[in-house]
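I opened this notebook to record what I looked up in one structure. I began with confidence and then turned to single residues.

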Amino acid sequence: MNNGREAGEAQPLLPQAARPQRKINLKLWKLWAIVAIFATLLVSVVVLLTRRPIPPLFYPPLDYSRDSLRLLQLHPGSGRQEIQSTISDVKFISNPTYSALSYTWGSPDRTNSIKVNGSRLQIRENLWNALHDLRDPKMTRVLWVDAICIDQNNVDEKNHQVPLMSFVYSRAQEVLIWLGEHKAPYWIESSAPSEWRDDWAVRKAKASWWTGATHAFLYGLVHEEYWKRAWIVQEVGMAPKTIRVHFGRQSIPWEEFMKLIRLYRAATVGNAVNLENILKLDSLRGSKYKDGKTYSVGTLLNSFRDAFASISHDKIYAFLGMANDLLDKSIQIDYLRSKYSVYLDVITFQNSSTFDSEETLIDMVYFSGLVRRLLTRDSGLVRKDKPFFGYLADPNSWMYYGCKDGECSDFVEMDPDRGGQMLLGWLILDLFTDFMKWLGSFIIWPTKEYIAVWHPSNPEVAETWLSYPNLSSNLEGIKVRGAIAGNIELVGPSYLDIIGSSETTRKWDATLSGYFSNETDLSKARGNNERLKAILGSSADLGLRNIVSFDSTMNEGNSASDASPRLFIGSETMLGLLPPNARKGDLICQFWNASSSAVLRRSEDGHYRIVGRAGIVRKGKSIHWDVPIDREPFISLSDRHIDLAVDMEILTRLSFDVVNLPGTS
């Protein structure tokens, strides 16, 4: 049976009146669509033509003749309201009242905008979050924020304002530390300001510690990148009595924060670098009025040598404003200066400093190497890992919402069946929530967080520091303090002969055995010889590259073997490697905390001059040149100490690779 229509069969037609009506409707819809599109385009064009462009931010000029700063008036606001502010310049003599913000800049790739003086200013996301949470719904807050109050594109202004930053923080009514968005445990969220006194916080934290919420919260605060910044040392160290630690919209006083940090340290296995930095900062604040040495340039640079800065100059400049031995601005802050010029500035200051002069003399060789390392140290970024402390520790979980700070244990104990069912329900909800987040991560990629790490030190490149014209005359008469380790008693074969001839090695061992008649001395010498041969092994470049003569004409016309460093035997079972121009009777001088030794030769006028650099092994078991860390041989009361005057070139050569900073994780 054919249900279809035959080929010639007539099709039923619509009523004649209906057909044109449908066409009219279609035409009307098309007309309305065209009109709507045209109207939208017309409105857009009108808006573009009539909209007044937002001008770029014009910074009010600062009066460089008087100490002054700009202050940010953060206007009231809340929620999704745009951040509105104004900026104006004030002089310190007017005694302005303001809060200074201490924070980390964050990634330059993530920005947001605010209104400043009617203009739109792009700032980094972390600062935007801070301003959003710090603004008051009803009152204007007056803040000093470096990224906004200093014109970052004006180098002259930065050179003028950066030296004042310690003054800015010390004159602030309070310093606000911003650690980012962290949801605190319930006992903190529900607390009143009046409760934060005595040991209340510690008791509350201990009572709920078993849930993991307080532990997880403090872990998040401790592992913020903020604690790695070089500039915060000055910001926290020079802050007035009042410091508040902010996390989201909540904050606690610095003193209460430190009580929780000490509790965290006692309850945590192993100490994170950031944790030690926090404790060091608190110790620094406590020593401000007690120990002047803590605030010296040398101590600050060495104590906070692992601090990070985006600009290499700031690894030095960040500490100058708070240094109490730098009162005459003898180190000028100038971001256009080369690294060598900054290095020269710091050594010039240190050499002329009268602050604890003996300590300065003893530290000079080590300090010289440290300054260069700070200016050239390389850093990188690695993914930040976040440990899972459990749902009871997560304030954003259903389990925590039901249990708060462990209160669920009470009703579970009273009604185990009902309490157990509630816990199971919350657990299922949390697992389902995590599953949905996991599915969502395939659609919206979660933001990756990174932490800054230091790379291990590489061997220093001599040309970077020795290629400047008139290097030796740039700074003469640099005073250094050393300690005599002994004298050269026998000069042995060259390094090239030792590694190239087994016969030479056997003869050297035999010479060593015949030289020491005392069995105890011979045993020590043999141990030192094994250390020496290990240093001179296949990876010996770092151990050999700096064993050089300081006489530039010494190597002219000599064979490779004659120009090679030579092994030697010294007094008190000392062995080592000498520059080729060293000879019997020369003295070996060590420097504190440095692997380098100087070869000294007495001149006819009775003074000693440095003829080259050596490396020695006498004490210890490590496969490295000896590094003296005991300061006693270097003090004035020791009969081994010796003061020397060197120029910039010799100081630089003596301090090459004496500071090797490890990588961090």
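Entry 1, confidence. I noted that the chain averages a pLDDT of 86 and that 87% of the residues score at least 70; pLDDT is the predictor's confidence in each residue, from 0 to 100. The model is predicted, with local features needing pLDDT of at least 70 and side-chain atom pairs pLDDT 80 or more, while totals for chains, interfaces and linings use all residues. Residues are numbered from 1 along each chain as its sequence is written, and side-chain values use heavy atoms, without hydrogens and water.

Entry 2, elements. I looked up the mean pLDDT of the elements: helix α20 (residues 471–474) has the lowest, 60, and strand β15 (residues 587–590) the highest, 98. Helices (H or I, at least four residues) and strands (E, at least two) are DSSP runs, numbered from the N terminus. Over residues 1–19, pLDDT stays under 50, and I found two contacts beyond four places in sequence for them; contact means heavy atoms within 4.5 Å.

I located Q161 in helix α4 (residues 155–161). Q161 is buried, with a relative accessible area of 2%; buried means under 20% relative accessible area (1.4 Å probe, protein chains only). A polar atom of the Q161 side chain lies 3.2 Å from the backbone oxygen of S68. Beyond four places in sequence, Q161 contacts L62, S68, L69 and I150.

I found S397 in the loop between β10 (379–383) and α16 (398–403). S397 is buried, at 6% relative accessible area. Its side chain has a polar atom 2.8 Å from the backbone oxygen of D394. Not counting residues up to four places away in sequence, S397 touches Y391 and D430.

Note on methods
Buried means under 20% relative accessible area, exposed over 50%, partly exposed in between (1.4 Å probe, protein chains only). A polar contact is a pair of N or O atoms within 3.5 Å; within protein, one must be able to donate a hydrogen and the other to accept it, and residues adjacent in sequence count only if both atoms are side-chain atoms.
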